[in-house]
Amino acid sequence: MTTPMTTEVGLRIAQPTVVKIDGFRGRLITGGDTDYDIARAVWNGAIDRRPRLIARCSGTADVVAAVRFARDQDLEIAIRGGGHNVAGTAVCNDGIVIDLSAMRGVRVDPVHRRAWVQGGALWGDVDHETQAHGLATTGGIVSHTGVAGLTLGGGVGWLMRKHGLTVDNLLAVEIVTADGELLRASEDQHPDLFWALRGGGGNFGVVTSFEFRLHPVGPTVLAGPILWDASDAAEVLRFYRDFVRDAPEEIGTVVRFGTAPPLPVIPEHLHWRPVVMVGTCYAGPIEDGERALRPLRASRPPLLDLVGPRPYVDFQSALDSTVLHGWNYYWKSTHLPQLSDELIDVLVDHAFSCSSPRSYVAMFHLKGAVSLVAEGETAFGNRQASHAITLDGVWRPGENFGDRDTAWTRQFFTALGCFREGVYVNFLGGDEDPDRVREAYGDAVYQRLVDVKTTYDPANVFHYNQNIRPR
Ligand SMILES: Cc1cc2nc3c(=O)[nH]c(=O)nc-3n(C[C@H](O)[C@H](O)[C@H](O)COP(=O)(O)OP(=O)(O)OC[C@H]3O[C@@H](n4cnc5c(N)ncnc54)[C@H](O)[C@@H]3O)c2cc1C
């Protein structure tokens, strides 16, 4: 913290500014730079914040320098991994963004099935490198999502029921703490910190590198969506609920309610038609998957069945164009302990009443390996929930669906009142009651997170996140 800094940070960001951070080799971007607006933009186009300085780090040493500089200058800090969080916490007003977007390296050891991933990598980077060896770890279902934010919150994806959450595959991290110290955290080193980093989000420092366990996956997997008309949704969901209850853990499913997106694989006559779409991915041999998925596919005649063998890496990016950068998003989310008949009726009643053709609902099936890890073993809460659901209002710049679909998500969320319990911290929006962070963990885990926060960040330097306040 006492490292001398030579700096002049301009107070008026509209003016070209001269900024220097000692020991920093990356790029410093201010309001005077022509690409400032691009650099401050995040995935959610509804977020419009103007940091005083964006420190685009070229490596770990830059992160150390940036954290020390920010502390020295008493600047608010936002950390940017993939910039994907719907709440927009990767960018702040007036402070400094410690931007890892230029740190996207991935190294794979195929013999020991390990991957080392830099803190600004996206899931597409990880899948690309690991699949070259027929390996993978649980990651997000959209390839332009950041590894860092997703991992630190828990990490749900197609492979989780077989291989656990992303955090269940995390072996170690390199992290720059609030006083600019570089630590390695693992089961053996700073185990309390390592525990907290597996679910507690970006509260404890800037993670510059992750080490993951990998598993043989594909490279060709049996995967794809099955689409039924919205009018069949209640029947489809009841069958689906009973099917997944006893399904092998290799079967990963995500149910999507909304219109059929205009993807090239979907025939044009179905584009924008309201549908319930069950996305599937089988993390095992194709023939076993064919057998295991047959009952679901045969449950009632679909509009379209796209389940088939395909490269895992392609499947991981199949939804990318349905949630583009720069569109506006408003989310509400919760865990659902179980899918009762009454809840299914509420889902079907509300899911299709949004205004924007791009708004949708996504429901991830959990259980399997997620629920086999004891509650409290990592900081990811609510491991026994059956599903995590997000209600996602989506509208493009210039479209006037914003107010209506924000109201839709809120009303829908209210209607889920007596069916919901817990939430996935990474699906929380920017206008949530701070108590919802506690809801993501449950009281015991939350108190332990507070203890770790108090040890490693007593001044709450890293508070631009779903915040865990120190004592
Ligand atoms: C379209 C879409 C699809 C998604 N799909 C999934 C999914 O399949 N599974 C899933 O689990 N989640 C999913 N998510 C949620 C996702 O996990 C979060 O949005 C997550 O925050 C994204 O990580 P990021 O690095 O892009 O976040 P950013 O927006 O860059 O950062 C968000 C927060 O994460 C923390 N953070 C980021 N980088 C670091 C770092 N290097 N060190 C310390 N803290 C850091 C900071 O607190 C920061 O405020 C999805 C989100 C979107 C928008």
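First, a term: two strands pair if DSSP finds at least two bridges between them. Strands (E, at least two residues) and helices (H or I, at least four) are DSSP runs, numbered from the N terminus. This is a predicted model, so local features need pLDDT of at least 70 and side-chain atom pairs count only at pLDDT 80 or more, while totals for chains, interfaces and linings use all residues. Residues are numbered from 1 along each chain as its sequence is written, and side-chain values use heavy atoms, with hydrogens and water left out.

Now the sheet. It is open, with four strands in the order β1-β2-β4-β3 and mixed pairing. Which strands stand at the edges? They are β1 (27-29) and β3 (77-80); each has a single partner strand, so one side of each is left without a neighbour in the sheet. On average, neighbouring strands here are turned by 20° against each other, direction ignored. Axes are lines fitted to C-alpha atoms, for helices over the stretch in contact; angles run from 0 to 180 degrees between N-to-C directions.

Look at β3. It runs parallel to β4 (residues 96-99), joined by four bridges. Ala78 stands opposite Val97 in β4. Helix α2 (residues 60-73) lies across β2 (53-56), β3 and β4, at about 165° to β4.

Next, a hairpin. β8 (residues 170-176) and β9 pair in the antiparallel sense over five bridges. Ala172 faces Ser186 of β9 across that pairing. Five residues sit between the strands, and Gly180 takes a positive phi near 75°.

β9 leads us to α14. What do the buried residues of α14 pack against? They pack against β9 (182-186), α6 (191-197) and α13 (435-441); contact means heavy atoms within 4.5 Å. Among those buried residues are Val445, Tyr446, Leu449 and Lys453. Buried means under 20% relative accessible area, exposed over 50%, partly exposed in between (1.4 Å probe, protein chains only).

Finally, the whole protein. It has 14 helices and 19 strands. The radius of gyration is 22 Å, close to the 23 Å that the globule rule gives for 471 residues, so the protein is as compact as a globular protein of that length. That radius is taken over C-alpha atoms, and the rule is 2.2 Å times the number of residues to the power 0.38. Of the 471 residues, 61% count as buried. The C-alpha atoms fill a box of roughly 70 × 50 × 40 Å, taken along the principal axes.
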